[in-house]
Amino acid sequence: MLACDEARTASWRDARARFEKATPEEQVELLAEQARLTRLDVLETISGANLGHIGGDYSVTDLLTTLYFGVLNVDPAQPRWDERDFFVLSKGHCAAALYTTLSHAGFFPREELPTFAQPLSDLNGHPNRNKVPGVETNTGPLGHGLPVAVGCAYGARLRGTGARAFAIMGDGEMQEGSNWEAIMSAAQLGLDNLTLVVDRNRLQQGARTEETNALDPLDEKLAAFGCEVRVIDGHDFTQILAALAPSTTGKPVAIVANTVKGKGVSFMEDRVEWHHKVPSAEQVEQARQELAGA
Ligand SMILES: Cc1ncc(C[n+]2csc(CCOP(=O)(O)OP(=O)(O)O)c2C)c(N)n1
């Protein structure tokens, strides 16, 4: 198991303290800069490994950044602290975005990122809770993360810790029936400490979601299954922060985060081939320049 990077955790704690005291405009700036750094590291990580899921990493980056740098009550020095909030990245193929975010908070050294998906590395192509501090549960097979997050939310309620549980699913992933069973349970149990976020980038592995197995009207379906639904722009930090606030209705919160696959790099945005494509050397350079100017 990788160990905490205490220096980086100290600077993450400082960043969180600055965030708490910042104005709403400053908070957006802090999150935007952190997300930019994450996208840059994801680019290097994936191009170095010569594999990964950069399109989905970039659609979920702003959501992950807001959670870890503005919302989650976690401690990178004690990843399994009993009273922590829980976060599950159910779309586990986007491990590079999760690893980068965790390393920026100091859960493990950022210097490990270049080992991503290499033989004997702990940073497997899909996250493993026994290898990577901060990973709550192994994901990769789609449709498994939300049921675990429901259990985390229920467990926290039974133990009375006051903790919240969050899960992010891909929109293509919502075609897995297990998600809908999990949502029914969460509603039945009145888990108002659960927030599920659908990364609604409208693309899945090889095609558009609506051409594969249509999800719309997704908001109405989630509401009919018993959720308090919030529809947002998943790249607008003000909207993300507001949507991540606790439930006001006693119901689980479902956020439909409208996002762009490949967000931040012009030639990747909303292009299905960037689900699993690796940028060439020229494309890496262009992406670096675009992200540097972002
Ligand atoms: C059960 C299962 N079936 C198939 C796959 C292969 N797979 C990996 S990613 C993916 C597409 C996921 O699309 P989406 O959930 O929309 O993710 P995003 O577009 O955000 O990357 C598929 C089919 C898988 N990981 N698990």
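**Helix packing, a buried aspartate and the ligand shell**

In the contact between two helices, Gln-34, Leu-37, Thr-38, Asp-41, Val-42, Thr-45 and Ile-46 of α2 meet Ala-96, Ala-97, Thr-100, Thr-101 and His-104 of α4. By class, this contact of α2 with α4 comprises five nonpolar, six polar and one charged residues. The structure described here is a predicted model. Helix α2 spans residues 24–49 and helix α4 spans residues 95–104, and the two pack at an angle of about 125°, their axes lying 9 Å apart.

Asp-85 is located in the loop that lies between α3 (54–71) and β1 (86–89). A residue is classed as buried if 20 or more other C-beta atoms lie within 10 Å of its own; Asp-85 has 22 such neighbours inside 10 Å and therefore counts as buried. When residues up to four places away in sequence are left out, Asp-85 touches Leu-72, Asn-73 and Val-74, as well as Ala-163, Arg-164, Ala-165 and Phe-166. Between Asp-85 and Arg-202, the separation is 117 residues in sequence and 28 Å in space, taken from C-alpha to C-alpha.

Around the ligand there are 20 residues, of which Gly-56, Gly-170, Gly-172, Glu-173 and Gln-204 come nearest. The shell around the ligand consists, by class, of three nonpolar, twelve polar and five charged residues.

Notes: Residues numbered from 1 in each chain as written. Predicted model: local features only at pLDDT ≥ 70, side-chain atom pairs only at ≥ 80, totals over all residues. Helix = DSSP H or I, 4+ residues; strand = E, 2+ residues; numbered from the N terminus. Buried ≥ 20, exposed ≤ 12 C-beta atoms within 10 Å, placed from the backbone. Contact = placed C-beta atoms within 7 Å. Axes fitted to C-alpha atoms, helices over the stretch in contact; angles between N-to-C directions. Nonpolar A, V, L, I, M, F, W, Y, C, P; charged D, E, K, R; others polar. Near = placed C-beta within 6 Å.
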